[in-house]
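Hi there,

Here is the structure I promised to pass on. Have a look at it first, and then read my notes below.

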Amino acid sequence: MAPRSEQSGDKRDFIYAVSEEPSDGQTNAWHVHDRGCLIYPSTGVVSVETAEGHWVVPAQRAVWVPAGVSHQTRVSGKVALRSLMIEESFPTGLPPSACVIGVTPLLRELILYVCGEVSVRVPDAPARHALAVIADQLREVPTPALPLPLPEDPRLKRIAEALLENPADNRTLEAWGRSVGASGRTLRRLFQAETAMGFRAWRQHLRVLEALRRIAQGEAVTNVALDVGFDSAGAFAQMFKKILGVTPSKYF
């Protein structure tokens with residue numbers, strides 16, 4: 001990895017470009033960085049989890065993880081990660097909490113350009129200009145999707161982890177309660193308090209994210225929709241648009 005920017009008159013590096021091609025299914029266990037990290041899959045899909053929630057993003061999106069925020073990542077399919085490690089004082093305007101951002105065609109090309117310049121220790125004038133435009137782009141990009149909030153209560157965590165493994169599981173909270181030792185009413189109240197979502201809405205959100213990951217890998221929409229628990233491709237498309245604002249075809 002090589003630095004991408006430095007302040008005039010100062011040898012401190014403000015952006016590092018990181019290029020990786022991890023293998024399918026590879027997980028990078030929980031860790032923190034002393035810089036902010038913009039994680040961008042130029043191809044494939046990456047899942048990012050923090051204490052705040054869980055994101056699944058294809059090549060039209062990137063995940064912003066601020067400095068000091070613990071996170072883990074998992075990739076799906078043939079993935080090329082082109083990420084930027086950004087010093088906190090670099091003026092991007094990105095928020096102090098993790099989020100998903102939209103990647104415009106211009107921002108994509110700029111990221112690919114600076115990540116391709118890995119042999120340059122001190123950036124030349126074109127690279128410095130590219131970094132200035134990246135900063136401008138990051139100040140203006142939309143944040144198109146909320147994370148999937150993850151509960152903290154041990155009983156809810158058991159349910160969430162089981163559903164992350166099998167989103168199509170249709171058990172009610174009453175049925176889950178018999179497995180984790182709590183009433184459905186208690187679990188329902190806790191789910192709302194800890195995720196700001198009802199259980200059914202949370203599960204639907206999870207199903208959409210899992211479907212997104214698999215569709216981005218090239219699987220057929222109808223097959224994926226049924227596999228993750230939707231009754232039909234139409235029901236999936238309706239929920240997808242409700243959560244992400246556009247239909248699956250427009251999103252991809």
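In what follows, contact means heavy atoms within 4.5 Å, and helices are DSSP runs (H or I, at least four residues) numbered from the N terminus. This is a predicted model, where local features need pLDDT of at least 70, side-chain atom pairs count only at pLDDT 80 or more, and totals for chains, interfaces and linings use all residues. Residues are numbered from 1 along each chain as its sequence is written, and side-chain values use heavy atoms, with hydrogens and water left out.

Let's start with helix 6, which covers residues 199–216.

On the helix 3 side, Ile-159, Ala-160, Leu-163 and Leu-164 meet Phe-199, Trp-202, Arg-203 and Leu-206 of helix 6. By class, that contact has seven nonpolar residues (Ala, Val, Leu, Ile, Met, Phe, Trp, Tyr, Cys and Pro), one charged (Asp, Glu, Lys and Arg) and no polar ones (the others, Gly among them).

In the loop between helix 5 (184–195) and helix 6, Ala-196 has a positive phi of about 60° although it is not a glycine. Ala-196 counts as exposed because its relative accessibility is 62% (the cut-off is over 50%). Just after helix 6, Gly-218 takes a positive phi of about 105°.

Enjoy exploring!

Notes
Helices (H or I, at least four residues) and strands (E, at least two) are DSSP runs, numbered from the N terminus. The expected span of a helix is 1.5 Å times one less than its number of residues. Buried means under 20% relative accessible area, exposed over 50%, partly exposed in between (1.4 Å probe, protein chains only).
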